[in-house]
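Please examine the sequence and the three-dimensional structure displayed below before reading the explanation.

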Amino acid sequence: IFLTASAGQTRQKKIVMIKESTFNKHEKRLLCGLTREAINTKGGININKFLAYTALFSSATEVWKGFDIDRVVVVNDFETEVFGTVDFVDDRAYTIERRNQNVLIPHTDGCGLISSKVCETNFILRMPFVKGLLVSMDFHKWVEEKNANTKIIDIYNKEHDVSNIDVILTKSQFKMYKYYQDWQQYKDYFKANKCNASYCKFEEQSPKDSTLTYQMLQTLIDITDEELQTLIAPTNDYISKIGNDEATTLDMLGLCKDNEHKNSLQQAYELYPAILKDAYTKTMIKNVKKSIVKNAYAGKIQTKGGKYTFIAPDMYAFCEHLFLGIENPTGLLANGEVSCALYEDQQKLDCLRSPSLYMEHAIRKNVVNDETTKWFNTNAIYTSTHDLITKIIQADCDGDTLLVVSDPTVIS
């Protein structure tokens, strides 16, 4: 019988089938206690959304061992109106008007909190009908230092003591909340049907420099030949060193300190570097060099300080909203500021989303001080809740990554 089809599978006209007896046996585990009949009694659901939500169990994940559903809660999303200059598109008159106005921004769209005592890095979560990014922060310490209210209200208006909570999910992460009586019912179903929480992707601890793409280059419409030569210099330098410089060649073959999962050939190179002069190795190096040159022609050029990292909202502001009840909190970042520990304080950064969806380059000032270092304890790029940056680059915070570039030529 037909089981599901993710958005990508639907576009490719693919579906997932399952043996009917197997589905009948595992239906409540796959749907965390729900049945299609139960969903229909509560008004039904858009079929495409239902397929997308049920396809979550197809994600390539690792089981989160030691996960305790009783130490998880779901709260309302944090959203505020942000004032700024926008191009307002009228979808009826098909007109575009530049004006200053307030825009409602859901800052925690797809994003939740996990205590840094449980996990010190950010990662993407998967649970039945739950998806998104968990940002690591010691919110227990925050509550204690700010002498804040330890009681929080979930999306079903039930009260919880934060001292018994390790993970705070937001409503946007819990896709089927309408079909459960309360959070307790979801937890009961989760345990009764032996469901699992899993993780998809952890934040890189030492992200390597990444390449720009043709899309970012095409938006630099007034670039000069001199600037282009400066931009491509690192790529040309790297290509010229392949096969001539031992360190560059070893790096290209994956023999760097950051590679903790070396394959058999890479391990052999470490044990006996003379294999690099072997005919097979020389052919492989030539082929890889050709590939890098081909990619450079296609616009994939190396940049100074170009790294991919998760985008996250100002979680300090989220805590002010959640625990102090402030509707429009100040947070740690002002309009035009971001915070990314991978870069220096006051450095200008170009925040780009790949694939790029429009021409804007979001140039922002990086703020790294004692306060940001204390609460933003990960490598993510944290954005201000007073900034329209997520609208400019068309990103949400459910695990989207930004290409953050510090190259002064690109920024200028």
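The structure is a predicted model, in which local features need pLDDT of at least 70 and side-chain atom pairs count only at pLDDT 80 or more, while totals for chains, interfaces and linings use all residues. Residues are numbered from 1 along each chain as its sequence is written, and side-chain values use heavy atoms, with hydrogens and water left out.

Strands of a sheet pair through backbone hydrogen bonds, either parallel or antiparallel. Here, helices (H or I, at least four residues) and strands (E, at least two) are DSSP runs numbered from the N terminus, and two strands pair if DSSP finds at least two bridges between them. Seven strands form an open sheet with mixed pairing, in the order β3-β13-β8-β9-β7-β12-β4. Its edge strands, each pairing on one side only, are β3 (62–63) and β4 (72–75). Strand β4 pairs with β12 (residues 167–170) in the parallel sense over four bridges, and V72 stands opposite V167 in β12.

Helix α6 (residues 183–192) packs on this sheet and touches β4, β8 (123–127), β9 (130–137) and β12; contact means heavy atoms within 4.5 Å. The direction of α6 makes about 140 degrees with that of β4. Such angles run from 0 to 180 degrees between N-to-C directions, and the axes are lines fitted to C-alpha atoms, for helices over the stretch in contact. Helix α12 (residues 315–324) lies across β4, β7 (111–115), β9 and β12, and runs at about 85 degrees to β7.

Rings of Phe, Tyr and Trp (its six-membered ring) pair if their centres lie within 6.5 Å; planes under 30 degrees apart count as stacked, over 60 as edge-to-face and the rest as tilted. The ring centres of W142 and F323 are 6.1 Å apart and their planes lie at 35 degrees, so this pair is tilted. The structure holds 18 aromatic pairs.

A cavity is a set of points on a 1 Å grid over the protein atoms alone where a 1.4 Å probe fits but cannot get out, and lining residues have an atom within 4 Å of a point. There are three cavities of 30 Å³ or more. The largest cavity has a volume of about 80 Å³, and its lining includes L352, R353 and Y358. The second largest cavity holds about 50 Å³ of space, with C340, F376 and Y382 among its lining residues.

Technical notes
1 Å grid on protein atoms, 1.4 Å probe; cavity = no way out; pocket = protein on both sides within 12 Å on 5 of 7 lines; lining within 4 Å. Points joined across faces, edges and corners; volume = space filled by probe spheres on them.
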